[in-house]
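Student: Can we walk through this one together? I'd like the main points, quickly.

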Amino acid sequence: MKRLTIFLAALLFLTGINAQEPKFPFNDPSLSVDQRVEDLLDRLTLEEKVGMMMNGSTGIERLGIPDYNWWNEALHGVARAGIATVFPQAIGMAATFDPEEHLRTFTVISDEARAKYNQAIREGQHKQYYGLSFWTPNINIFRDPRWGRGQETYGEDPFLTSVMGKAAVFGLQGNDDTYFKSHACAKHFAVHSGPESLRHSFDATASPRDLWETYLPAFEALVTEANVQEVMGAYNRYNGKPCCSSDFLLMDILRNRWNFQGMVVSDCGAITDFFAPNAHNTHKDAPSASADAVKTGTDVECGSNYQTLIAAVENGYITEDEIDVSMRRIIKGWIDLGILDSKDNTPWADLPYSIVASEAHAQQALNVARKSMVLLKNDNNVLPLKPEKIRKIAVLGPNAADSTMMLGNYNGDPTHVVTILDGIRAAYPDAEVTYERGCDLVEGFISVPKAPRTGMDMAELARQMGLKAIPSENYTDEALKALADRAAEADVIIFAGGISPAVEGEELKTTVDGFAGGDRERIELPEVQSKVLKALHKTGKPVVFVLCTGSAIALEQNEKDYDALICAWYGGQEGGRAVADVISGKYNPSGRLPLTFYKSTSQLPDFLDYSMDRRTYRYMTESPLYDFGYGLSYTTFRYEGAKLSSKKIRNGKNVTLKVTVSNTGETAGHEAVQVYVKRLGDDKAPVKALKGLKMIYLNPGETQTVSIELPASSFEYYDGYSDDLIVKSGNYKVMVGSSSRDEDLTSLNLTIK
């Protein structure tokens, strides 16, 4: 019996399940959070505190505190923790232009997160990727399409990034009055968007106006409006100081101006960059770097340098009282998640593992994938291709049968993946569907059927796996004509191309023409795909180009070589079914571009230049190929009677825009009603900027009056005197319509007194 008692006591500790009665006051949920924090803090030694300040937090047996790892991922589904539902990559979810759908998605994701956590605790697991603190969402502004991690963001616009980011936070953190369902984390703070190869040494410089009007608004929204519980500091420096020790970013702005009370975590290895050779070289060693990071507000390090904080105290770089400032935030985080309670009192304690990757969640992944599809071109209404009218389909392209591509990066492991080829075959059961790869993604490169990881040399891995690229002789004029002749036997040709996470992503070692370090050196479609498209076009058969990508592709040189263009992003586990549903007409496309599709690389400023001048739809003066907010439908919508609640308002007041939208076609569909604002007489202000958004659904012939309120913050611009955003009096244009294109917008005049 004694042995059994000892065994049960040990089991309770190992599984993190404490006795029903709280052993210590910090385990007692009836006490205030502050009381619990101070009780635990008083019991800890300096060594124990330091052990709890890294992502791999060390348990304390004498206090019944389990090991915990703060590092977990959920960019588009719970990642790196086994089976999970995989939604479209973040850039694809941004293309839905639907924050309400995004909230539903992240509620599903947090359900799976809690279910996985519950199961892990039952099994006594406290390892990385099975906790409740998720380093999501990435709300950096996708200022340049060459950045390989732009796929992780919500695009180039601060407003769209803000509303989608807030929805993700609300979905992850839940709405309970006592506990957070999980922690969300706004990353990477701040002014961070490549190049990947320089991120450990790069000093990003930006004007105060660009900082406040472009790079900071989404972070401020998540902190002040969504109560995000964690913020991650970026790798780079900002104006000379590493972001993870920037008193301006972390203290002046984040803590003081925005009153952020949560935790700041470092990006992984970012503290090492303070002193490592060929990195920032701003500090002499780990103790001085760690002390500076903590004193400026970085509470948890992703890494192990903080173990030198003991030496830093001994050397006088930092005091234990200064360490306690961070410790209070860390302990509060555990309490708010319910981790230190004597028993699991949270509303999600009984969520079973069976909900993970359930059929209902797969349906949500399909819903989002469908809504993410952006129809960019549809000459002569070649789409939809009704199944009853199609006899034979030729499917080609390097992305047609690539399941790995569908998953993007930072992904979980789905129970299944529907490739584009799979989806088309299922959608056209009575048609003959032929398939040829046709070409590599890039000549000489072969994608690896395995999720890419940071630092992996994909070409070398392909060689190790015995994978081979298509021989160069397959790309001669004769070979391409033979390929096209075979495809020409079909009624329609579907080419699935673009790029993939194998060549764009986080700090990749892929060595292939046009790509470097995970970034792109140019944004045109790889030449070999252009050759194939041109050959297919010469057949005279309709060519549908399904473009898979995490960023903008410059397609001006290819436009004449296809009849229809669908931007399908990295569509997640159900992406292939969604593509087929759009092509077959089962689903009416409603996605909108969350970033500008430039005509060519020549329209881009230097990649290293963080000035917003000439970047994105907000500051471009040239015409792009496809505009931000643009997307076609199988029906038509008419906007009428746009009106503001007042043509003149006082500074600081809200204004409401109303417009009547009618479905004038024969197909039901969604429409993203978009509102833009332009400040007149200010040559440094954006050409226009999205400030309102509402997704509606209309049946054929149906009309709806849409009301969108523009808060006073819609008219905020940088003020040098206050070094902040303020509402500025003056004259404005308020525009409403279906995209950011001038021809798609109705303009109204507004004066702010």
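This is a predicted model: local features need pLDDT of at least 70, side-chain atom pairs count only at pLDDT 80 or more; totals for chains, interfaces and linings use all residues.

Student: Helix H10, then. How many of its residues are buried?

Tutor: 8 of 10, across residues 286–295. Buried means under 20% relative accessible area, with a 1.4 Å probe and protein chains only. Helices are DSSP runs of H or I, at least four residues; strands are runs of E, at least two. Among the buried ones are Ala286, Pro287 and Val294.

Student: What covers the buried residues of H10?

Tutor: The cover includes helix H11 (309–314) and helix H12 (320–337). Just after H10, Gly297 has a positive phi of about 110°.

Student: Switching to Tyr634. Where is it found?

Tutor: In the loop between helix H20 (616–619) and strand E18 (637–644). Tyr634 is buried, at 16% relative accessible area.

Student: What is Tyr634 in contact with, beyond four places in sequence?

Tutor: Its partners include Leu375, Asn378, Tyr587 and Thr667. Contact means heavy atoms within 4.5 Å. Asn378 is 256 residues away in sequence, yet 9.2 Å away in space, C-alpha to C-alpha.

Student: And Lys653, where is its place?

Tutor: Lys653 is in the loop between strand E19 (648–649) and strand E20 (655–663).

Note on methods. Residues are numbered from 1 along each chain as its sequence is written. Side-chain values use heavy atoms; hydrogens and water are left out. Buried means under 20% relative accessible area, exposed over 50%, partly exposed in between (1.4 Å probe, protein chains only).
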